Amino acid sequence: ICNGVIRAGASCELVKYTADDHDGFAAMIEQYDAFIVRVNPGQLSNPGVAEGAQAKFDALMRDMVAKGKPVWSSPDVQTQMGA
């Protein structure tokens, strides 16, 4: 996905979310204009992942949408599509 975005002439960076550093991730992504999300609803609710990680990540993505930053696909869109 990243290479395709770059070949199309845009900048793209792979950034991995770690539930243990949610606040650091949230601060870092403020610099970006848009997001391609590869985290499905419920994925961050698996055993071994910090309690509440999915809700915090989803809230962060909704906050980015509220700031006018496109999120593909947002937690709400994924849920509406049955993910």
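This is a predicted model: local features need pLDDT of at least 70, side-chain atom pairs count only at pLDDT 80 or more; totals for chains, interfaces and linings use all residues.
Me: Which residues of helix 2 are buried, and how are they arranged around the axis?
Reply: Helix 2 spans residues 22–29. Its buried residues are His 22, Phe 25, Ala 26 and Ile 29.

Me: Which exposed residues does the face of helix 2 turned away from its buried side carry?
Reply: Buried means under 20% relative accessible area, and exposed means over 50%. On the face turned away from the buried side of helix 2, the exposed residues are Asp 23 and Ala 27.

Me: How are the rings of Tyr 17 and Phe 57 paired?
Reply: The ring centres of Tyr 17 and Phe 57 are 4.8 Å apart. Tyr 17 sits in the loop between helix 1 and helix 2, and Phe 57 in helix 3, 40 residues apart. The planes of the two rings stand at 65°, so the pair is edge-to-face.

Me: Is Tyr 17 buried or exposed?
Reply: The cut-off for buried is under 20% relative accessible area. Tyr 17 has 15% relative accessibility, so this residue counts as buried.

Me: Is Phe 57 buried or exposed?
Reply: The relative accessibility of Phe 57 is 4%. With the limit for buried at under 20%, Phe 57 counts as buried.

Me: How many residues apart in sequence are the parts that the pair of Phe 25 and Phe 57 ties together?
Reply: This aromatic pair is tilted, with 6.4 Å centre to centre and 40° between the planes. Phe 25 lies in helix 2 and Phe 57 in helix 3, so the parts tied together are 32 residues apart.

Me: Which residues do ring pairs link into a cluster?
Reply: The count of aromatic pairs comes to 3. Among them is the edge-to-face pair of Tyr 17 and Phe 57. Another is the tilted pair of Phe 25 and Phe 57. Ring pairs link into a cluster Tyr 17, Phe 25 and Phe 57.

Me: Leaving aside its neighbours within four places in sequence, which residues is Pro 70 in contact with?
Reply: Pro 70 is in the loop between helix 3 and strand 2 (71–72). At 33% relative accessibility, Pro 70 counts as partly exposed. Its C-alpha atom is separated by 7.4 Å from that of Asp 33, 37 residues apart along the chain. With neighbours within four places left aside, the contacts of Pro 70 are Asp 33, Ala 34 and Phe 35.

Me: How do the residues of the lining of the largest pocket divide?
Reply: The largest pocket has a volume of about 740 Å³. Of the 25 lining residues, the closest to the centre are Glu 13, Val 15, Phe 35, Ile 36 and Val 37. Helix 1 (2–7), helix 2, strand 1 and helix 3 each give two or more residues. By class, the lining divides into 19 nonpolar, 2 polar and 4 charged.

Me: Which element gives the most to the lining of the largest cavity?
Reply: The count is 1 cavity of 30 Å³ or more, and the largest has a volume of about 40 Å³. Its lining includes Val 37, Phe 57 and Pro 75. Helix 3 and helix 4 (75–80) each give two or more residues. The most, with 3 residues, comes from helix 3.

Definitions and conventions
Residues are numbered from 1 along each chain as its sequence is written. Side-chain values use heavy atoms; hydrogens and water are left out. Buried means under 20% relative accessible area, exposed over 50%, partly exposed in between (1.4 Å probe, protein chains only). Helices (H or I, at least four residues) and strands (E, at least two) are DSSP runs, numbered from the N terminus. On a 1 Å grid over the protein atoms alone, a cavity is a set of points where a 1.4 Å probe fits but cannot get out, and a pocket is an open set with protein on both sides within 12 Å along at least five of seven lines; lining residues have an atom within 4 Å of a point. Grid points are joined across faces, edges and corners, and a volume is the space filled by probe spheres set on the points. Ala, Val, Leu, Ile, Met, Phe, Trp, Tyr, Cys and Pro count as nonpolar, Asp, Glu, Lys and Arg as charged, and the others, Gly among them, as polar. Rings of Phe, Tyr and Trp (its six-membered ring) pair if their centres lie within 6.5 Å; planes under 30 degrees apart count as stacked, over 60 as edge-to-face and the rest as tilted. Contact means heavy atoms within 4.5 Å.
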